[in-house]
Amino acid sequence: MIPLADLSLTDHELRAEIESGMRAVFDSGRFISGPNVAALEDEVAAYLGVKHAVSCASGTDALHLTLRALDIGPGDEVITSPFTFFATVEAILYVGATPVFADIDPHTFTLDPAAVEAAISSATRAVLPVHLYGQMADMDALHELAQHHHLKVIEDCAQAFGARRNGLIAGSGSDAACFSFFPSKNLGAFGDGGLIACASDAVAARLRELCNHGSTQRYVHRRVGYNSRLDELQAVVVRAKLKRVDAYNDARRRIARRYTQALEGLSGITPPQEHPAAYHVYNQYTLLTPDRATLQRALHDHRVATAVHYPLPLHKQPALVERYGRQQLPVAEAVAERCLSLPIYPELNDAGVEQVLAAIQAATEIA
Ligand SMILES: Cc1ncc(COP(=O)(O)O)c(C=O)c1O
């Protein structure tokens with residue numbers, strides 16, 4: 001079976017580097033805030049070209065802590081995408097703010113700036129775009145809107161480490177940007193982890209305090225915070241992968257190019273569209289097809305794994321319908337009904353890619 005993603009550690013050089021880094025951590029006896037975490041933060045800040053990078057325990061925490069650090073809470077509205085992983089909206093709810101969904105662009109599946117503009121009210125405090133599947137939202141338009149309406153911009157970069165658009169790298173141009181090191185992300189750990197990038201000294205200081213029980217001085221707690229820290233062993237893994245992340249992203253892009261070239265023109269399949277100014281890093285390669293169940297079944301029979309990211313947009317999630325009632329966002333709903341993700345990971349070789357394509361070809365011929 002060709003899996004959707006292969007997280008086993010097959011790169012021998014990478015494995016050796018991680019094993020030796022982990023042995024050094026075992027020998028040092030420092031497992032929480034140690035030199036690997038500090039070095040990783042510096043290295044990510046340098047990679048993104050941002051002043052501060054603050055690590056934490058997950059991408060979900062990164063979003064939650066950022067909203068708290070920016071003082072967003074009850075009475076505030078945060079405009080976000082209805083077509084993302086649930087964590088994006090959970091973070092808004094954790095701080096007691098109100099999520100407001102704006103529909104997505106039908107080509108990139110990221111927030112549509114015109115829909116965002118229409119959703120702005122006197123209570124709007126922030127816009128939270130999601131760089132879905134590894135493709136950046138239209139940050140030029142969103143930054144312009146935010147500036148005009150005095151809104152904060154928080155990027156959800158969980159799926160987009162290394163993505164770019166119009167010369168801007170994801171996570172570098174906003175009030176804060178939140179990353180996930182969940183194992184299947186483009187820059188993944190061997191467990192949970194996250195990071196916030198930001199430019200402001202005050203926001204970074206606030207985040208460091210919040211991550212560590214509201215404390216910067218041992219056993220003195222200026223506010224109530226959380227236990228949300230990255231550990232040394234995860235930092236060893238992420239540091240080793242960071243050195244290789246551009247090559248990994250290029251490999252994902254090569255696979256995506258081959259898929260798209262072969263799928264274009266196949267009836268009943270719409271390959272993902274990359275914006276001309278985008279460097280899409282393909283955390284997922286997600287096509288649209290009107291009869292998803294049939295294609296998914298046929299691919300499974302040809303030993304190709306697929307997944308649906310995501311079958312239910314957030315405004316239709318039971319937990320939110322219960323609070324806010326029913327809402328209609330036609331583009332997100334149409335995409336959620338038709339989307340199907342194919343296997344993509346840097347180690348997927350040409351033979352594997354051709355096997356996937358042959359399976360799709362056979363499936364669509366039958367249809
Ligand atoms: C778009 C998006 N936002 C947030 C998250 C949450 O990240 P984590 O799983 O590290 O908490 C994820 C990933 O799971 C994600 O895909």
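Modeller: Helices are DSSP runs of H or I, at least four residues, numbered from the N terminus. The model is predicted. With that, ask away.

Biologist: Where is Tyr310 placed?

Modeller: Tyr310 sits in the loop between α10 (292-301) and α11 (318-324).

Biologist: Is the peptide bond from His309 to Tyr310 cis or trans?

Modeller: The general idea comes before the case. Most peptide bonds are trans, and most residues other than glycine have a negative phi. The bond from His309 to Tyr310 is cis, and its omega is near 15 degrees.

Biologist: And phi? Which value does Tyr133 have?

Modeller: Phi of Tyr133 is near 65 degrees. That is a positive value in a residue other than glycine. Tyr133 lies in the loop between β4 (124-128) and α6 (139-149).

Biologist: On to the ligand. Which residues come nearest to the ligand?

Modeller: There are 15 residues around the ligand. Ser58, Gly59, Thr60, Ala158 and Ser180 come nearest.

Biologist: At what angle do α3 and α4 pack?

Modeller: The angle is about 35 degrees, and the axes of α3 and α4 are 8 Å apart. Their crossing is right-handed.

Biologist: Which residues of α3 and α4 meet?

Modeller: From α3 come Gly59, Thr60, Leu63, His64 and Leu67. From α4 come Ala87, Thr88, Glu90, Ala91, Ile92 and Tyr94. This contact has 6 nonpolar, 4 polar and 1 charged residues. Gly59 and Thr60 were also named among the residues that come nearest to the ligand.

Biologist: α3 has another partner, α7. How are α3 and α7 oriented, oblique or parallel?

Modeller: Read the angle, then the class. Angles under 35 degrees count as roughly parallel, over 145 as roughly antiparallel, and 65 to 115 as roughly perpendicular; the rest are oblique. α3 and α7 (residues 201-211) pack at about 125 degrees, with axes 9 Å apart. The pair is therefore oblique. The crossing of α3 and α7 is right-handed.

Biologist: Which residues make the contact of α3 with α7?

Modeller: On α3, they are Leu65, Arg68 and Ala69. On α7, they are Val203, Arg206, Leu207, Leu210 and Cys211. The classes here are 6 nonpolar, no polar and 2 charged.

Biologist: What makes the contact of α1 with α8?

Modeller: α1 brings Leu14, Glu17, Ile18, Gly21, Met22 and Val25. α8 brings Glu232, Leu233, Val236, Val237 and Ala240. Here 8 residues are nonpolar, 1 is polar and 2 are charged.

Biologist: Now step back to the domains. Which domains does the assignment give?

Modeller: The domain assignment of the protein chain gives domain 1 (12-242) and domain 2 (245-366). Their centres, taken over C-alpha atoms, are 25 Å apart.

Biologist: How many residues of each domain are in contact?

Modeller: 30 residues of domain 1 are in contact with 29 residues of domain 2. On the domain 1 side, β6 (164-165) and α8 (232-242) each supply at least two of the touching residues. That side has 16 nonpolar, 9 polar and 5 charged residues.

Conventions
Residues are numbered from 1 along each chain as its sequence is written. This is a predicted model: local features need pLDDT of at least 70, side-chain atom pairs count only at pLDDT 80 or more; totals for chains, interfaces and linings use all residues. A residue is near a molecule or strand if its C-beta atom, placed from the backbone, lies within 6 Å of it. Axes are lines fitted to C-alpha atoms, for helices over the stretch in contact, and angles run from 0 to 180 degrees between N-to-C directions. A crossing is left-handed if the near helix is turned anticlockwise from the far one by less than a right angle, and right-handed if clockwise. Two residues are in contact if their C-beta atoms, placed from the backbone, lie within 7 Å. Ala, Val, Leu, Ile, Met, Phe, Trp, Tyr, Cys and Pro count as nonpolar, Asp, Glu, Lys and Arg as charged, and the others, Gly among them, as polar. Domain bounds come from an automatic or database domain assignment.
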